[in-house]
Amino acid sequence: MELNLRGKVALITGGGQGIGRAIALAFANEGARVAVADKNPATAADVADEINQFGGEAISIQADVTDEAQVRAMVDKVLTEFGQIDILVNNAGTAFHKFFAQSTRKDWDIDINVNLLGAMNCASAVVQHMIDRRYGKIVSIASDAGKIGEARLVTYSAAKAGIIAFSKALAKELGRYGINVNSVSPGTIETPLAMGLLGDNVDQVVKSYAIRRLGKPEDIANAVVFLASDAASFITGQSLSVNGGYSMA
Ligand SMILES: NC(=O)c1ccc[n+]([C@@H]2O[C@H](COP(=O)([O-])OP(=O)(O)OC[C@H]3O[C@@H](n4cnc5c(N)ncnc54)[C@H](O)[C@@H]3O)[C@@H](O)[C@H]2O)c1
């Protein structure tokens with residue numbers, strides 16, 4: 001199977017570290033030009049440099065996905081530099097780890113704003129361009145938490161369930177324009193975000209996985225690149241769990 005993405009332009013939010021970084025590198029490996037966006041400009045620039053050094057083509061952009069004006073400016077910059085956007089990956093995300101009873105409205109706002117409304121902001125900013133070109137792929141990083149719910153990740157679970165439903169509904173609107181919309185639901189992946197949440201519980205968590213290891217960012221990147229390729233052109237509105245068999249929902 002050829003996933004060759006030469007000639008395509010991929011925009012990845014939260015691309016400066018963890019899963020987003022692996023996704024950016026994977027697209028570059030398949031020949032796509034890559035826009036690495038992150039609210040942290042230094043890490044985004046590092047990832048773009050890494051890609052340019054191995055002979056790929058990348059730019060970095062500072063953008064907070066919760067800020068509509070920054071998101072519009074991000075999309076304009078990609079269009080100015082690369083002329084088109086074929087692929088949007090909504091990866092930027094965050095999570096706090098508290099029991100719901102101890103959480104505050106401020107905590108909930110962050111989870112919903114970054115994980116759900118951030119993805120909507122970015123999709124909204126690219127969708128007309130994709131409709132005009134009758135081509136596009138939107139892949140959003142949801143979570144198994146959005147399918148089965150996780151304690152101490154209650155509003156995060158709600159936000160990720162929102163991403164899954166948003167992707168399905170948008171897929172129904174956009175399929176007629178040649179646009180595929182899917183989400184990927186990772187289990188626990190070894191990234192700064194997850195390792196910070198897990199603390200000393202890694203061995204215990206690994207036992208709940210049929211495949212006895214945590215995921216690697218590249219496990220998610222492989223699924224995202226596949227869904228963003230024309231090899232997956234008949235797949236839309238799906239949420240693909242990449243979770244070592246943790247949940248089979
Ligand atoms: N790591 C896991 O186990 C796991 C599991 C399920 C889902 N996910 C999801 O995968 C995605 C990536 O997670 P990760 O583990 O790589 O996290 P991470 O914290 O290691 O990286 C997240 C990146 O997103 C950026 N970011 C955060 N808020 C942003 C904002 N408002 N605007 C722009 N950029 C922002 C950060 O600067 C960082 O570079 C997230 O959506 C997360 O919810 C992760």
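This is a predicted model: local features need pLDDT of at least 70, side-chain atom pairs count only at pLDDT 80 or more; totals for chains, interfaces and linings use all residues.

Me: Fine. Which elements cover the buried residues of helix 6?

Reply: The cover includes helix 4 (105–133), strand 5 (136–141), helix 5 (145–148), strand 6 (179–186) and strand 7 (239–242).

Me: And which residues in helix 6 are buried?

Reply: Among them are Val154, Tyr156, Ala159, Lys160, Ile163, Ile164, Phe166, Ser167, Leu170 and Leu174. An α-helix has 3.6 residues a turn, so residues three or four places apart point the same way.

Me: What does helix 6 span, first C-alpha to last?

Reply: Helix 6 takes in residues 154–174 and reaches 30 Å, close to the 30 Å expected at 1.5 Å a residue.

Me: Zooming out: how many helices and strands does the protein chain have?

Reply: The protein chain has nine helices and seven strands. Its radius of gyration is 17 Å, close to the 18 Å that the globule rule gives for 249 residues, so the chain is as compact as a globular protein of that length. Along the principal axes, the C-alpha atoms fill a box of roughly 45 × 35 × 35 Å, and 49% of the residues count as buried.

Me: Now the ligand. Which residues are closest?

Reply: Gly14, Gly18, Gly93, Thr191 and Leu193 are the closest of the 30 residues that surround the ligand. Helix 1 (18–29), helix 4 and helix 7 (192–198) each supply at least two residues of that shell.

Me: How does the shell divide into nonpolar, polar and charged?

Reply: Eleven residues of the shell are nonpolar, 16 are polar and three are charged.

Me: What about the largest nonpolar core: which members touch the most others?

Reply: Ala10, Ile23, Ala24, Phe27, Val34, Val36 and Val224 do, out of 72 residues in that core. Leaving aside neighbours within four places in sequence, Ala24 is in contact with Ile12, Gly15, Val34, Val36, Val47 and Ile51. In soluble globular proteins, nonpolar side chains tend to be buried together.

Me: Why does Arg134 count as exposed?

Reply: Because Arg134 has 10 C-beta neighbours inside 10 Å, and 12 or fewer makes a residue exposed. Arg152 has 15 and counts as partly exposed.

How values were computed:
Residues are numbered from 1 along each chain as its sequence is written. Helices (H or I, at least four residues) and strands (E, at least two) are DSSP runs, numbered from the N terminus. The radius of gyration is taken over C-alpha atoms; the globule rule is 2.2 Å times the number of residues to the power 0.38. A residue is buried if 20 or more other C-beta atoms lie within 10 Å of its own, exposed if 12 or fewer, and partly exposed in between; C-beta atoms are placed from the backbone. The expected span of a helix is 1.5 Å times one less than its number of residues. Two residues are in contact if their C-beta atoms, placed from the backbone, lie within 7 Å. A residue is near a molecule or strand if its C-beta atom, placed from the backbone, lies within 6 Å of it. Ala, Val, Leu, Ile, Met, Phe, Trp, Tyr, Cys and Pro count as nonpolar, Asp, Glu, Lys and Arg as charged, and the others, Gly among them, as polar. A nonpolar core is a set of buried Ala, Val, Leu, Ile, Met, Phe, Trp, Tyr and Cys residues joined through C-beta atoms within 7 Å.
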